[in-house]
Each structure stands twice: as C-alpha cells, then as structure tokens.
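Here are some notes to read alongside the model. Please keep the sequence and the 3D view open while going through the points.

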Amino acid sequence: MTKTLLRGRVLSFHADPAETENSHHFWDNGAILIENGCILSVGDYADTKDPEAQEIDHRPYIIMAGFVDPHIHFPQVQVVAAWAAQLLDWLNDHTFPIEAQYRDPIHAARMAEAFLDQLILNGTTAASAFCSVHRESAEALFAAAEKRGMAMLAGKVMMDRNAPEAVLDTAQASYDDSRALIDCWHGRGRLEYVITPRFAITSTPEQLRAAGTLAAENPDLAIQTHLNENRAEIELTMQLYPKAQDYLDIYDRFGLLGPRSLMGHAIHMNDREIARMAETGTRAIHCPTSNLFLGSGLFDDRGMRDAGVVTGVATDIGGGTSWSMLATLAEAYKIAQMRGQRMHPFAAFHWATRGNAIALGIEDRVGSVRPGRFADLVVLDPRATQAMRLRHDKVDSLMQELFILQVMGDDRAVVETYVAGRPMKAHLAN
C-alpha cells in the first residue's frame, strides 16, 4: 500500500497534563508517516518526510489523535433535543419508543450509517456504544463500523423489566443474544463486544447475574452501564435492591466491577462507592451535556481523580446535546468551574483522546500519535468561524488556540477525520 505523509502542526500526548508538565510533544512543522493504516513515524517534517509517500499538506491546522467517545447511545440518533422533565420521564416518553424501532434490521442499518457519519463529521474515530435491546441493532452497528474500518466497542442492552414490552428481553435471552454476538463480532477487525446491562432499574437480579456470568466467561470484555445519574433514579434503584449497601454495590454483587467496567455519569457518589471504584479499577465516565440537559447534577472529576478513579468524558448522545467532543469539553470546563476546579486546555484534549482510550483499555491502539498506533486522526482549525478568527487574532500560544477550539469549536472546526489513515470527512461532505 502507498505510504501517506500528513503535514501540519502535530500534537500528541504521552502523559496526563493534569499530573505532569512533561505530557506532550508538539511539532509546529510536523509530519506523520502512515502505511497500512498505522503510524510509521512522527516528528519534524524534515526528519519524517519520505520521497515514496503521497504528501497531504494540512498546514496551518493542528493534527492530533482522533477523539474517543466512551459513552454514547447508538439508537438515540433521533432522540437528541427531546423535551422532558428529567431522566426517567425522558426515557419513557422518548427513548424507549424510538429504540423499539431498532428491531427492524433495515432501520437499524440505515441509522448505523447516520450514527457513524456524525462521529466522523465531529472528529470521533472510536467509541463505546450502547445498542438497543435487539440483537439486530448491534449487528447493524458492527457491520457498518467494520465496513469503515473503525474501532467500535458496542453491545446490545440487557433489560428485562420496567420498560415497554417492545424493548424488553429476558435474562436467558439477553445472555444467549450477547453470547452469539460475542462469538460473531468480538475481535473481528477493530470491533469489541461490551457487556451492556442498561442499568439496575431495567434488569432483574437474574439478568444482572447473567451479565456477571458473561463477564466471568469473557474476562477480556468491557462492561458498560449507568450509575448514580439522577436522584429519582437512585431512589427507585434502591427500592428494587433493598439489600444493597448503595447503587454501586448492586453491580459489585454480580461481579460487574473492574478495570474494564465503565460507569456512566457517577454523579451522586458516596465515599464508600468512590473508594470501591478506586479499589477495583472501575472507570467513571463524565457526560457533561447530558447531565446539564436533564438536570442530573455536576460530576466531581477532581474528587474522583484524587481518590484514584480513572475518568473519561463522553457525549452521551442522545441525552447529550452535541455530537462534538469539542462542545462536550466546553461543558465539562463549565462544570469544573462551578465546582471550583481548573481544567487546562492541554488536560482537556488529553482527556478526549489518550485519556478516554485509557478509560476504555485501548490506549495501546489509539489515542495518541505514536508509531505503531492506528492512524486515527483529526485535523482541527482554530480559525474555523468568523468569531473564532476574531479571537484567534489575539492569541500567542498553542494553549490558547486549543482553548478557542474547546470553547468555541464544533464540527465546523474539524477539517478532516482519518480512520486508519483514510480521509473520511471529505468523502461525507461530497
């Protein structure tokens, strides 16, 4: 395959800026050499250029690792901006009726293409997605992601109570369908299956036990669910599981905690839950636009990190209100401000790339611009709009450019998105 050389201002993180000053490399006149979908080398243009490579010049734009979204709902493509009071009303009034349509494989396939289009347009190259309860939805998403060569973690939700019949399975059916999907799709190309009990409210103890059995049988698989998102949700959950110490303890009792366990939201946490998450390596995934939209609460990122909990930051489409990780970082910044916490722009962009890859356990493949990693990249323009250009005229550092992208950027700031070295956004725009 022909080599490709991307030229531009290249930024890559090798450590968390929140923990060390020596966190990143930046080449103002940089280049990335790509072959067979992977990065061969990165550095100054003069040291990286190859006469055999096809050269694509992205100067003066910034090139970095593609965004990684660790919590997003595939069947909620058409739920974004649905008005409701709070979480449980939103699920019953909007989400469950729309998810019922994903029993139809033709509809699921059409929506899978639309879902991946939105990721690409916003510079997101890898994600961990909740599918609907129907096996067909997971098959449609995996097939569409495989066709594009994308890194996709996904699973059909397991839910056997407290929802309309059209979006329910049974404990046994959820195990059988998940098992079949694992056998067919996990490890195929860049695809991974994720064990996906939606949350404790919609799963009986028998179903959570089935999820735990799947986890014990497949210890390499990630697990994703929801935790402590909303006060009314927590109250109902504890009524359904009165013997549990707290919300996290429900999942713990069924063997669903560990370094590849992803707890979406994790807002209203007690000290025991935080300590137990740190002890087991369980990840907390912050969903800022969703938490604000549904009035759920303010995530305590600094408190979690100080306790030793690894965190990620996610769009949570369709409770989330934007597909853009840039817009998501903007809202995360505001939540941090409201908690009296500081978020440096370098820390924000690390979080959305390498940080989220660490949360998902895939940092050896994506999340940084390093030799051997997949060439999943995003090209960003901090002067993408007239308002951004006006602001950019007064900046004098990379840090300030990144902050413009974080606070003012959206899909218009994404010049190109590369998946395994292939440009994808320009194709969609045409």
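Is D316 buried or exposed? D316 is buried, with a relative accessible area of 4% (buried is under 20%, exposed over 50%, and partly exposed in between, with a 1.4 Å probe and protein chains only).

1. Basis of the notes. This is a predicted model, in which local features need pLDDT of at least 70 and side-chain atom pairs count only at pLDDT 80 or more, while totals for chains, interfaces and linings use all residues. Residues are numbered from 1 along each chain as its sequence is written, and side-chain values use heavy atoms, with hydrogens and water left out.

2. The loop that holds D316. D316 lies in the loop between strand 13 and helix 12 (helices, H or I with at least four residues, and strands, E with at least two, are DSSP runs numbered from the N terminus). Although D316 is not a glycine, its phi is positive, about 55°. G318 belongs to the loop between strand 13 (311-313) and helix 12 as well, and a cis peptide bond with omega of about 5° joins I317 to G318.

3. Other backbone points. R59 and P60 are joined by a cis peptide bond, with omega about 5°; P60 is part of strand 4 (residues 54-65). A420 is not a glycine, yet has a positive phi of about 50°. Its place is the loop between strand 15 (414-419) and strand 16 (422-423).

4. Aromatic pairs. A search of the whole structure finds nine aromatic pairs (rings of Phe, Tyr and Trp, the last by its six-membered ring, pair if their centres lie within 6.5 Å; planes under 30 degrees apart are stacked, over 60 edge-to-face, and the rest tilted). One of them joins F13 and F346 edge-to-face, with 6.4 Å centre to centre and 70° between the planes. F13 lies in strand 1 (residues 4-13) and F346 in helix 13 (residues 345-360), so this pair ties together parts that are 333 residues apart in sequence. F13 is buried at 3% relative accessible area, and F346 is buried at 14%.

5. F74 is in the loop between strand 5 (67-73) and helix 2 (87-99), and F115 is in helix 3 (residues 105-121), so the pair ties together parts 41 residues apart in sequence. Both F74 and F115 are buried. Ring pairs link F74, Y102, F115 and W323 into a cluster.

6. Charges over rings. R7 lies over the face of Y45, at 3.6 Å from the ring centre (the test is NZ of Lys or CZ of Arg within 6 Å of the ring centre and within 35 degrees of the ring normal). R188 has its charged end over the ring of W185, 4.0 Å from the centre.

7. Two crossing helices. The axes of helix 12 (residues 325-338) and helix 15 (residues 398-408) come within 6 Å and cross at roughly 95° (axes are lines fitted to C-alpha atoms, for helices over the stretch in contact, and angles run from 0 to 180 degrees between N-to-C directions). Helix 12 is therefore roughly perpendicular to helix 15 (65 to 115 degrees; under 35 is roughly parallel, over 145 roughly antiparallel, and the rest oblique). L326, L329, A330 and Y333 of helix 12 meet F403, L405, Q406 and V407 of helix 15 (contact means heavy atoms within 4.5 Å).

8. An exposed lysine. K394 is in the loop between helix 14 (386-392) and helix 15, and is exposed at 67% relative accessibility. The C-alpha atoms of K394 and F74 are separated by 40 Å, and these residues are 320 residues apart along the chain.
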